[in-house]
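Welcome, and please take a moment with the sequence and the 3D view below.

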Amino acid sequence: MPNELLDELVAEVRDCRKCRLWKQAKNPVPGEGKTEARLMLIGEAPGYQEDVKGRPFVGRAGKLLDSLLSGIGFGREDVYITNIVKHRPPENRAPKEDEIRACAPYLDRQIRIINPKIIVTLGNHSTGYILSKINVNVRGITEVRGKIFEGELLFGVPSKIMPTFHPAAALYNPAYLSSLKEDFRIIGKELGL
Ligand code: URA
């Protein structure tokens with residue numbers, strides 16, 4: 001369904017100059033999906049393909065994410081997907097602290113607008129940012145993945161949060177794939193699927 005607040009946010013991200021990343025990016029990648037999604041997924045930052053297309057998770061990691069979603073009966077049209085940083089960092093480097101700080105208010109607004117039942121954080125960066133909001137200090141993704149955290153994420157927004165590995169990690173090391181599949185089974189169960 002169309003959502004004015006999300007449309008406004010997309011327009012702001014398009015013109016955003018709050019950090020340096022816009023300068024080398026081809027396109028902003030604000031995020032996309034169902035505005036009433038019960039499941040929201042948060043990655044790290046757009047990569048090459050995402051930068052070219054202006055859409056999140058459309059490269060190899062995205063294909064794997066699609067197959068994990070289809071394993072629980074979901075397609076892109078059922079979920080909302082975004083990243084912690086909305087422009088591609090040069091050479092796919094990790095986003096810097098000040099870039100995350102500048103960009104994260106957009107993510108906070110997206111969470112408030114979508115108000116999902118469960119938020120899945122993909123990888124270290126989004127997990128660290130989101131869990132810090134409920135005062136969970138994350139030393140590494142391995143110790144928190146597959147666990148459901150509950151808390152009032154933003155004022156008045158109670159949420160369940162499930163951290164898991166970034167799908168790109170499973171492309172480099174297939175050992176992560178079985179953990180990702182297991183975590184998505186738990187997500188499906190949480191959603192009553
Ligand atoms: N990796 C991410 O974290 N986000 C994307 O959109 C694509 C790859």
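**A first look at the pockets and the sheet**

The lining of the second largest pocket is made up of 3 nonpolar, 5 polar and 2 charged residues. In this sorting Ala, Val, Leu, Ile, Met, Phe, Trp, Tyr, Cys and Pro are nonpolar, Asp, Glu, Lys and Arg are charged, and the others, Gly among them, are polar. This is a predicted model, where local features need pLDDT of at least 70, side-chain atom pairs count only at pLDDT 80 or more, and totals for chains, interfaces and linings use all residues. Residues are numbered from 1 along each chain as its sequence is written, and side-chain values use heavy atoms, with hydrogens and water left out.

**The second largest pocket**

- This pocket holds about 150 Å³ of space, a volume being the space filled by probe spheres set on grid points that are joined across faces, edges and corners.
- Its lining consists of E97, I100, N124, H125, G128, Y129, S132, V138, R139 and G140.
- Pockets are found on a 1 Å grid over the protein atoms alone: a pocket is an open set of points with protein on both sides within 12 Å along at least five of seven lines, and lining residues have an atom within 4 Å of a point.
- Helix 5 (124-132) gives the largest share of this lining, 5 residues, and helix 4 supplies at least two.
- Helices (H or I, at least four residues) and strands (E, at least two) are DSSP runs, numbered from the N terminus.

**The largest pocket**

- About 510 Å³ of space lies in the largest pocket.
- Its lining has 21 residues, and G47, A61, N92, H166 and A168 lie nearest the centre.
- Helix 2 (48-53), helix 3 (60-71) and helix 7 (167-172) are the elements that each give two or more residues to this lining.
- By class, the lining has 10 nonpolar, 7 polar and 4 charged residues.

- An open sheet of 6 strands has the order 1-3-2-4-6-5, with mixed pairing.
- Strand 1 (32-33) and strand 5 (149-154) stand at the edges with a single partner strand each, so one side of each has no neighbour in the sheet.
- Two strands pair if DSSP finds at least two bridges between them.
- Strand 5 and strand 6 (residues 157-164) run antiparallel and are joined by 5 bridges.
- Across this pairing, G151 has S159 as its bridge partner, and F149 stands opposite I161.
- The hairpin of strand 5 and strand 6 has 2 residues between the strands, and G156 there takes a positive phi near 80°.
- Strand 4 and strand 6 pair in the parallel sense over 5 bridges, and V120 stands opposite M162 in strand 6.
- Is strand 6 largely enclosed or open? Of its 8 residues, 6 are buried, so strand 6 is largely enclosed by the rest of the structure.
- Buried means under 20% relative accessible area, exposed over 50%, and partly exposed in between (1.4 Å probe, protein chains only).

- Helix 8 (residues 175-190) lies across strand 2, strand 4 and strand 6, at about 160° to strand 6.
- Such angles run from 0 to 180 degrees between N-to-C directions, with axes fitted as lines to C-alpha atoms, for helices over the stretch in contact.
- L180 lies in helix 8 and counts as buried, at 0% relative accessibility.
- Leaving out residues up to four places away in sequence, L180 touches L68, T164, F165, H166, P167 and A170, where contact means heavy atoms within 4.5 Å.
- L180 and P167 are 13 residues apart along the chain, with 7.6 Å between their C-alpha atoms.

Definitions and conventions. 1 Å grid on protein atoms, 1.4 Å probe; cavity = no way out; pocket = protein on both sides within 12 Å on 5 of 7 lines; lining within 4 Å.
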